[in-house]
Amino acid sequence: MRTVLILGAGFGGLELATRLSDSPADDMRVVVIDRSDSFTFGFAKLDILFRDLSPATARVPYSRFTHPRVEFRQEEVTEIDPKNRRVRTDHAVYDPDILVVALGADYDLGATPGFAEDGYEYYSIEGALRLRERLARFDGGAVVLAVLGVPFKCPPAPYEGAMLLHETLARRGVRSRTDMRFFTPMEAPIPVSADTSAAIVEALAGRGIAYAPGRPVHGLDPAGHMALTATGDVPYDLFIGIPKHRAPTVVAASGLTDGGTDGWIAVDPHTLETPYPGVYALGDCADAPVPRAGVFAEDAAGTVAAGIEARLHGLAPPERYRGRGTCHIEFGGGLVGKVEADFLSGPAPVAPFTAPSAELAREKAAAAEGRLRRWFTG
Ligand SMILES: Cc1cc2nc3c(=O)[nH]c(=O)nc-3n(C[C@H](O)[C@H](O)[C@H](O)COP(=O)(O)OP(=O)(O)OC[C@H]3O[C@@H](n4cnc5c(N)ncnc54)[C@H](O)[C@@H]3O)c2cc1C
């Protein structure tokens, strides 16, 4: 019996374990470790912030993550030794035959001076709750939204946040006395898709949200409530930032990030194997040539599952990672658009856009439901 150890039961880890559970190989057991007792979709944070969803309702307990040959253990990963394929947790030591690191990305609020003191974010559940409470007291003024670093999770999410904030403030009657400005170091919202970028830029303009591409905010002056940029300081009453991301500390300490861009895990873009034999990385923590998003982690899980099955039987990897993912984008008013990206199948990435509609809103909800049905029981 060979053991596959998956670190992280997020989008990527859940999909990989589910696929391996379905594998015809009967000589494999799968152990999945996560520090949390439950899974939450990334986009649920928008529902927590703007639709009063309670975090308890958004959470899906791992007690419902039950698949044949898969064991879930709620433990904290404290050390990864990729050379010896050994993992320590707060409860045990593991020496698996195959190791997959799917520990996601952490937020580094301290990397932007002044942000932790005077800024708000909605990329964590705690941050979304804190901003929700602040918005309830917001009575108009200058709102600055900013992407503070690249890469970050879900490229459309900062724009979804801006459009849903516009809608929320309009509903409360305070939008007319609110100035909204959006800053980003990127030159376009979704660089791989000109049509998607154009639709988002047009939607921001239509809502009176000033868009400043290629203009990073490098810090805040909490005393003066100023966002600092290379071309001048910008006053705000409310600053909402997408925090800089980094690999989890336990990953950074493991040596897995050596050779990866900007501290992410170096992987073979075709197989998602690290330079250490039998050690794979997927999802937000991996330096694969795709954006950070659950849908890409999910596609990567398919490639890694096929690679693991082949490796356990002494065969070559049967498929190359294609970097595909369909991202749904909320525009407000119950309308959702989508971009269907394929980064690696062809000679160049393609990413056609479909305009927002109520039908795509239903499609997004059905996609989430489908994943819950596949990954969880009950
Ligand atoms: C506001 C927002 C909206 C989003 N919308 C979308 C969307 O519409 N579509 C989409 O595809 N993506 C979306 N995303 C992005 C998506 O949530 C992530 O890209 C995705 O979850 C990445 O999957 P992952 O498996 O790499 O990591 P994660 O899902 O983050 O899973 C990592 C897991 O590792 C665990 N972990 C970390 N460190 C340890 C440790 N030391 N010990 C034990 N366990 C540990 C964590 O508890 C976590 O469960 C959104 C994100 C945000 C913030």
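I shall go from the overall fold to one strand hairpin.

This is a predicted model, in which local features need pLDDT of at least 70, side-chain atom pairs count only at pLDDT 80 or more, and totals for chains, interfaces and linings use all residues. Residues are numbered from 1 along each chain as its sequence is written.

The protein has 10 helices and 22 strands; these are DSSP runs numbered from the N terminus, helices being H or I of at least four residues and strands E of at least two. Its C-alpha atoms occupy a box of roughly 65 × 45 × 45 Å along the principal axes. For 378 residues, a compact globule would have a radius of gyration near 21 Å, and the protein agrees, with 21 Å. That radius is taken over C-alpha atoms, and the globule rule is 2.2 Å times the number of residues to the power 0.38.

Of the 378 residues, 46% count as buried, that is, with 20 or more other C-beta atoms within 10 Å of their own, C-beta atoms being placed from the backbone.

Now the hairpin. In strand E20, residues 324-332, seven of the nine residues are buried. E20 pairs with strand E21, residues 335-342, in the antiparallel sense over eight bridges; pairing requires at least two DSSP bridges between the strands. Within this pair, threonine 326 stands opposite glutamate 340 of E21. Which residue of the hairpin takes a positive phi? Glycine 333 does, near 65°, and two residues lie between the strands.

Methods: Buried ≥ 20, exposed ≤ 12 C-beta atoms within 10 Å, placed from the backbone.
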